[in-house]
Amino acid sequence: MSIKQNAVIIAAGELGKIEYMPHESDYIIAADRGYLYAENLGVKPDCVIGDFDSLGRIPNHDNLTVLPCEKDDTDTSFAVKRALEMGFKKIFILGGLGGRFDHTFANVQLLAYIARNNAVGFLVGEREVMTVIKDSTVTLYGESGQILSLFSLTEKSYGVCEKGFKYELENAELESCSVLGTSNELLEKKAEISVKKGELLICAKSLKSDFIYQNRDRKEDINEKLNVYF
């Protein structure tokens with residue numbers, strides 16, 4: 001039996017046309033209505049968690065955690081914390097984009113929370129992917145012309161570098177109120193983003209990175225076909 005290395009959280013946001021084919025190294029958590037999405041995808045979760053207000057029923061599952069409706073965390077946040085408690089260093093959130101903007105923004109904050117807990121998280125939507133890096137470097141793979149945006153989640157991010165892009169940055173400083181990193185363009189198939197101090201939100205239509213492919217058999221895009229994403 002393969003060791004579980006990736007936590008995949010199916011959340012209650014918009015799943016759209018995302019398709020997901022589980023890998024044997026995935027530990028799957030369904031959060032509230034995400035359980036219905038899992039059923040529709042033919043995916044059996046390892047764990048189900050939520051207050052189930054959006055699902056409208058309590059699922060029949062062997063590993064079930066029922067949360068109170070009145071709480072300080074969202075169901076997705078509880079799922080993220082469960083994954084971190086279990087020691088996962090890569091967490092993928094499906095159905096965390098679209099729908100209510102406040103929940104989407106909360107999920108972006110969860111990416112920062114994951115990064116602050118020495119792990120890496122990905123928000124995977126039908127049309128875009130987001131991740132956050134903290135005081136670190138990420139290597140990206142794509143095609144020339146691919147658009148990617150970069151934003152500081154901390155008040156200031158220092159030592160920001162973008163290599164392999166149309167507009168390169170070298171030891172730059174980005175502020176949380178700046179739009180300098182919007183809509184950059186890949187010039188090469190391999191690019192690099194780094195930050196010496198701070199947290200950077202990376203947004204792309206599709207995304208390939210070393211984080212994603214460590215435990216996968218092939219390198220493909222994260223995009224509409226999630227079975228080829230990590």
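Predicted model: local features only at pLDDT ≥ 70, side-chain atom pairs only at ≥ 80, totals over all residues.
**Exercise 1. Place Ala79 in the fold: is Ala79 buried or exposed, and what is Ala79 in contact with?**

Step 1. Start with accessibility: Ala79 has a relative accessible area of 0%, so Ala79 is buried (buried means under 20% relative accessible area, exposed over 50%, partly exposed in between, with a 1.4 Å probe and protein chains only). Residues are numbered from 1 along each chain as its sequence is written, and side-chain values use heavy atoms, with hydrogens and water left out.

Step 2. List the partners. Setting aside neighbours within four places in sequence, Ala79 is in contact with Ile9, Ile29, Ala31 and Ile49 (contact means heavy atoms within 4.5 Å). For Ala31, 48 residues away along the chain, the C-alpha separation from Ala79 is 6.6 Å.

**Exercise 2. Work out which residues of helix H1 are buried and why they line one face.**

Step 1. H1 covers residues 34-41, and its buried residues are Gly34, Tyr35, Tyr37 and Ala38.

Step 2. Look down the axis of H1: the buried residues fall within an arc of 160 degrees, so they line one face of the helix. The arc is taken from the directions from the helix axis to the C-beta atoms. As a reminder, an α-helix has 3.6 residues a turn, so residues three or four places apart point the same way.

Step 3. Now see what they meet: the buried residues of H1 pack against strands E1 (6-10), E2 (26-31) and E3 (47-50).

**Exercise 3. Describe the lining of the largest pocket.**

Step 1. Count the lining: 24 residues, with Ala12, Gly13, Ser54, Arg100 and His103 nearest the pocket centre.

Step 2. Assign elements. Helix H2 (75-85) and helix H3 (101-116) each give two or more residues to this lining, and H3 gives the most, with three.

**Exercise 4. Summarise the whole protein.**

Step 1. The secondary structure comes to four helices and 14 strands.

Step 2. Of the 230 residues, 51% are buried.

Step 3. Among contacts with a separation of 6 or more, 59% join residues 24 or more positions apart.

Note on methods:
1 Å grid on protein atoms, 1.4 Å probe; cavity = no way out; pocket = protein on both sides within 12 Å on 5 of 7 lines; lining within 4 Å.
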